[in-house]
Every structure is written in C-alpha cells, then in structure tokens.
Amino acid sequence: MSDRPTPPRFSVVICVYTEERWGDILAAVDSVRKQSLPPLETLLVVDHNDRLLHRLTEEYADERDRAEVRVLANAGPRGLSSGRNTGIAAARGAFVAFLDDDAVAERDWLHHFAAGYADPEVVAVGGRTLPVWASGRRPVWFPEEFDWVVGCTYRGLAPGRVRVRNVLGGNASFRRTAFDAAGGFATGIGRDGDRRPLGCEETELCIRLASTVPGAVLLIDDRAVIHHKVPAVRERFAYFRTRVYAEGLSKALVAQSVGAGKGLESERRYTSRVLPAGVLRGVRDALLGRAGGAGRAGAIVTGVGVAAGGYALGTLRARRGASPTFSWGPITPETVTPPETREAAETEGAAA
C-alpha cells in the first residue's frame, strides 16, 4: 500500500451573471477541467439570470459533463457574495477555490493551492492574477501599483509563498471548515453587476476568519497563476477613478465591521511605502523621457486622493447610520437547488 497522502479535493466555484461573457465562462470552466490536479467538481453559480441558467444547464447536460460541472442558481439576493455562498453551501470538496468568470487558470493552479494546505494551520491560499488587456498592452499611464483596480495582483505584494492578511477573491481557496467557523461572505458589501463596484468582501471575510480561528494562517503563492481579462472600458481613466472611489467606500465598510486597526493594517504600508516609491519611479521616467511616467505618477496621486475621499464619505455615512448594511451567517445547503430539480418541482406543481 502507498504511504503517499491523498491530494486535497477541490470544489471550484465560478460565479456568472451575463451571457455577454459566454465564451469567457466556457474558457474558465475548460481551464479548470484541464488542471494537473483534477478538481472534484466545478460549480457554476448563476446570479439571477434565468436565460443564462438554462443555457449553461443545456451546455453541460450530458452525463460526463454533469459529473464534472454543476450549474446552480444563486440562492440568495443578487450579488457576488451570495453567489459565492451558494457555491460554498453546495460544495462537496474539503477545499473550495474561486475563479473569476472572465479568467483562465494555468494548469498547475490547484496543485499549488494544494501544496499550501500541507500545513494544517493554513485556512486560505490565494494566487497571482495577471491582466490580459483588451488593447493588447497596459495603458502607459496605468500604474502597476493599482492593478487591484482591474482585479489583478498589484506591485508591492511580496513574491513567493508569503503570509498575508487577506487573499484576493477572484483567485483564492479556503478550507471548507473555515466557513463553518466564520460564516460566509458578507452580503451588502460585494459586487453587484448593476451597482457601483463596491468590493472588499474577501478582505472582511479574511479578517473575520483570522480573528475566529486561533492560529489561522492565510497565504498567497504566486505560482498559482490565473490570467484575467481587462475589457476596454476598464482601461480608461474614468473607470479607474470610479473604482478607486468605490474602494474607499468599501474600506470604510470593512473598518466599520472589523475596526480601523485591522481593516487598514495592510493599507498603511501600501500608502506610506509602495505608493510613494511608485510616484518617484513615475517622475524619474518622465525626466528620462520615458512614455507614461508623468501619467503614472499623476494617477497614483489622484488615486490616493479619490480613495481617501471615498473613505471619508463612507465613514461619515457609517456614523450617521446611512451606510449600506451587510451581514453574514452560517453556510447551509438547504436552499441550494439544482435548476433541473427546481424545474421538475415547478412542473409537478403546475400539473397538480
């Protein structure tokens, strides 16, 4: 008999909401099915879009597909947090990984996640997310320090496998038991495709998780790579400004939930060391006549100011009781119903 340990079994959750990303969704699923460490299952959670729900159900309808890919409707209110919680509730794996619907994972993505869990104190492992610009290249004014604006790994994070306060939600994994201990993603704070792009729900969850589980360790392993599409609209300065402002509002919500000390711990180093260094690089490049240097320096300064304004307004709203409410709770499977089961029940009810 072999003494080799059984590799971790992952349920991979991909939250989807629009048919406009149909090709991207199929590519994301295909990248998961080709992993060197095969997942136990891929869960496609559809956010209140019946047409997309039925189309994906038909796409993965044959017996082999249904064994590998399960299509579910978001069982909670509209939004990314509820979609992720629906996937967690339905997951059969001991580990749950999350992949954005407009990203593809490299072949060893899950393999590198799994390696991190050799330490029993590790409750979450994230990876590195690289941008795929619609224009074919990074806009010359766009600073790498702000790549989080487009959902990607930003300059200033330490390389290798390192301990972190929080992982980035579009390229992350957790022990399933972590959600039993701390609850799921907070609703009311995460993204909804029709609203201002608030975020930070994974930051709030990770801080809550670390405070709930004694000795909990969260890692980022930059070998766990995904490639994330950046559409043309997100290459524009107008989106940059809007997203940075929304981040400030979101940070205020996180600080309201977990306290400013923990909620802004990483941001203090980022704003006091990483961003000033970025400004100096931009100014140096401008003096050397390199394209975009002045633009990058200006974008960093503008980004700091706009984010600070969003944070100030969000804090003021919180003090007045006017900020959005958000909540979390235990993850339970009772409300998660596969679409084909629900259809059968509705048909029987109509016949009766």
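A residue counts as buried when its relative accessible area is under 20%, and F240, with a relative accessible area of 1%, is therefore buried. This assignment, like the others below, refers to a predicted model, in which the mean pLDDT of the protein chain is 87 and 84% of the residues reach 70 or more. Over residues 341–352, by contrast, pLDDT stays under 50, and for this stretch the model has 4 contacts beyond four places in sequence.

F240 forms an aromatic pair with F237, and the two rings are stacked, with 5.5 Å from centre to centre and 20 degrees between the planes. Both residues belong to helix α8 (residues 237–258), where, because they are 3 residues apart, about one helical turn separates them. Whereas F240 is buried, F237 is partly exposed, its relative accessible area being 31%. The two phenylalanines also take part in a cluster linked by ring pairs, which comprises W133, W141, F142, F146, W148, Y154, F237, F240 and Y270.

In the whole structure, 19 aromatic pairs are found. One of them is formed by F10 and F95, whose ring centres are 5.4 Å apart and whose planes meet at 35 degrees, so that the pair is classed as tilted. This pair links distant parts of the chain, since F10 lies in strand β1 (residues 10–16) and F95 in strand β4 (residues 95–99), 85 residues apart. F10 and F95 are both buried. Charged side chains also lie over aromatic rings: R55 is placed over the face of W22, at 3.8 Å from the ring centre, and the charged end of R84 sits over the ring of F185, 5.0 Å from its centre.

The strand that carries F95 is largely enclosed by the rest of the structure, because 5 of the 5 residues of β4 are buried. From this strand F95, A97 and L99 point one way, while V96 and F98 point the other way, and all are buried. Strand β4 pairs with β1 in the parallel sense over 4 bridges, and within this pairing A97 is the bridge partner of V12. Strand β8 (residues 171–175) pairs with β4 in the antiparallel sense over 5 bridges, with R175 of β8 standing opposite F95.

The largest nonpolar core holds 35 residues, of which F10, I14, L44, L56, L99 and W109 touch the most other members. Helix α1 (residues 22–33) supplies the largest share of this core, namely 5 residues. With neighbours within four places in sequence left aside, L44 is in contact with I14, V16, I25, V29, L56, Y60, V69, R70, V71 and L72. A second, separate core consists of 27 residues, including I88, V96, V123 and C206.

Another mostly covered element is strand β9 (residues 217–230), in which 11 of the 14 residues are buried. Strand β6 (residues 122–133) runs parallel to β9 and is joined to it by 10 bridges, V132 standing opposite K229 of β9. Strand β5 (residues 103–105) runs antiparallel to β9, to which 3 bridges join it, and here A105 stands opposite I226. Strand β7 (residues 161–163) likewise pairs with β9 in the antiparallel sense, over 3 bridges, and R163 stands opposite L219 in β9.

Two loop residues were examined individually. P143, in the loop between β6 and β7, is buried, with a relative accessible area of 1%. When neighbours within four places in sequence are set aside, P143 is in contact with R138, R296, A299 and I300. The C-alpha atoms of P143 and Y154 are 9.0 Å apart in space, the two residues being 11 residues apart in sequence. H48, located in the loop between β2 (41–46) and α2 (50–59), is partly exposed, with a relative accessible area of 40%. Most residues other than glycine have a negative phi. The phi of H48, however, is near 55 degrees, a positive value in a residue other than glycine.

Key. Residues are numbered from 1 along each chain as its sequence is written. This is a predicted model: local features need pLDDT of at least 70, side-chain atom pairs count only at pLDDT 80 or more; totals for chains, interfaces and linings use all residues. Side-chain values use heavy atoms; hydrogens and water are left out. Buried means under 20% relative accessible area, exposed over 50%, partly exposed in between (1.4 Å probe, protein chains only). Two strands pair if DSSP finds at least two bridges between them. Contact means heavy atoms within 4.5 Å. Rings of Phe, Tyr and Trp (its six-membered ring) pair if their centres lie within 6.5 Å; planes under 30 degrees apart count as stacked, over 60 as edge-to-face and the rest as tilted. A charge sits over a ring if NZ of Lys or CZ of Arg is within 6 Å of the ring centre and within 35 degrees of the ring normal. A nonpolar core is a set of buried Ala, Val, Leu, Ile, Met, Phe, Trp, Tyr and Cys residues joined through side-chain atoms within 4.5 Å. pLDDT is the predictor's confidence in each residue, from 0 to 100.
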